[in-house]
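Visitor: I am new to this structure. Please show me how to read it, one feature at a time.

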Amino acid sequence: MIVALDALLSMRNVTLAARQLDMQPPALSRLLGQMREEFGDPLFVRSGSGLVPTPFAEALRPKVQALAAAIDDLFQPTIASRRAEPFDPGWNVPSAIPVPPLATRPANLLDGQPSAAEVAANLDRVGESSSPHDRLARNIGVLGIAGGGHGRPLTMEEAEEAMSIVLAGEADPIQTGALFGMMRVRGATAPELAGFVRAMQGHVAARFDGRLGLSQPNDPPPAVQADLDWPCFTSPNYHNPPWFFHAARLVAQAGHRVLLHGNTGSGAAGGRYEVVSAALGIPVCSTADQIGAALETQRIAYVPLTALAPQIHRLIALHRLTQFRNAALEAVHLLRPAGGRTSLLGVTKPSHRELHRDAARLLGLPNITVLGSVRDVAQYTPFRPATIHRLIDGEPNDLALPSRMAEPPATPRPRGTSLEYWQGVWTGAMPDVRAERIIVGTAAFALFSLPGAVNGGFDAAMAEAEALWKHRRSR
């Protein structure tokens, strides 16, 4: 019951909590009924946005979280010893790249609270010559003037200004929390995401002296250019093998320059994709020179977010303090550090798939492919239907891909570490039909999305991916 209550307090939705606990919603509902009897309190009341904890349940939250964590720790040795666990300790390591704390500049807070009319008048007086604190406060006030519920979403220009101030380290910590918290409650819009991306793009361009990244869509191209941008920002709690790295290598061996960039959180598993890349022979890069050389010689590179933009990494890491995804994590998927003819996005939430596509259109990105996925990375599973939201030459173009085959049975895992197994699938030492179909399907999906990469439709892309897999180089 403690674990179930922790999940319900976190998800505020019976269906989502049941999915997290790997149980059926009716079973969790029965368990919730037992808890209400035990505690003598309703614990949750229903609202239009889900379950709302009662004051009693909110008071229990710290104790419940601590007890649930202790229960997880108690069973952790058993879980870690299971042979079916996809990852082993060799994969989950902290990032080797040191990251400074999130840069902020505390403000001297004013005493007293102005009225809504005073706030509106103050916002009108704030101009470009005002301090960063005042300009950011103006944008936060636009979102919800004095808490009266009469705010509006930010325009793309306002969102760009707000994120630029945060990335420059000029925001007060309270302002950063207010900005992301208010956007979380209402939900980010496409212009807001686009503005955040423009600020991020400019931030990366400045860090790399303009050699990497574009500050504006019409700026001259940077010195380092990729063909395919492949963001891979996944939760450290997602433990399925990253077969998309094998697929990206196939695309690179076909002659296309592929830039992977991302992270797996900021904790003990934050360096997972650095280990994965090195194990497959993909260069892990942290400078423009390294990225340019890798794309030129090996046609592929992986850039950790810790090296690309530590300030953005720290913004995303605020999840550990807030337990919600802020808009910086949604925007960073659209960041194209080295240009690219197209980007491959995997988006979990159905409502966010068109949102990302619409934001890309506002940014002037001509080509992008957003895959409905169970993870925040583009990895295509050919034995399941898939919905794709695309931009082709700047115009929306959606596509529904039916399942192409029956799902192969899972291959029993032999003795050895998961890292050895994952590498063995690439070398052929560990035959796994299901994994191979995912790798080939994902490579085909990437080739199909890349303008001019294949002549013909998805079937032609599958045929080319099959040939690439058959003739792949082991190193």
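Predicted model: local features only at pLDDT ≥ 70, side-chain atom pairs only at ≥ 80, totals over all residues.

Visitor: Which residues touch the most other members in the largest nonpolar core?

Guide: A nonpolar core is a set of buried Ala, Val, Leu, Ile, Met, Phe, Trp, Tyr and Cys residues joined through side-chain atoms within 4.5 Å. Buried means under 20% relative accessible area, exposed over 50%, partly exposed in between (1.4 Å probe, protein chains only). Here the largest core has 62 residues, and Met-163, Leu-179, Phe-196, Met-200 and Val-332 touch the most other members. Helix H9 (residues 190–207) gives the most to this core, eight residues. Helices (H or I, at least four residues) and strands (E, at least two) are DSSP runs, numbered from the N terminus. Another core, of 54 residues, lies apart from it; Val-251 and Trp-422 are among its members.

Visitor: What is the strand order in the open sheet of seven strands?

Guide: Two strands pair if DSSP finds at least two bridges between them. The order here is E5-E4-E3-E6-E7-E8-E9, with mixed pairing. Strands E5 (300–304) and E9 (395–401) stand at the edges with a single partner strand each, so one side of each has no neighbour in the sheet. Inside the sheet, E6 (residues 342–347) and E7 (residues 368–372) pair in the parallel sense over four bridges. Leu-345 has Val-370 in E7 as its bridge partner.

Visitor: How many aromatic pairs does a search of the whole structure find?

Guide: Rings of Phe, Tyr and Trp (its six-membered ring) pair if their centres lie within 6.5 Å; planes under 30 degrees apart count as stacked, over 60 as edge-to-face and the rest as tilted. The search finds twelve pairs. Phe-180 and Phe-196 have ring centres 6.2 Å apart and planes at 90 degrees, so they are edge-to-face. Both are buried. Tyr-273 and Tyr-302 are also edge-to-face, because their centres are 6.4 Å apart and their planes at 90 degrees. Tyr-273 is in helix H11 (residues 272–280) and Tyr-302 in strand E5, 29 residues apart.

Methods. Residues numbered from 1 in each chain as written. Heavy atoms only, no water.
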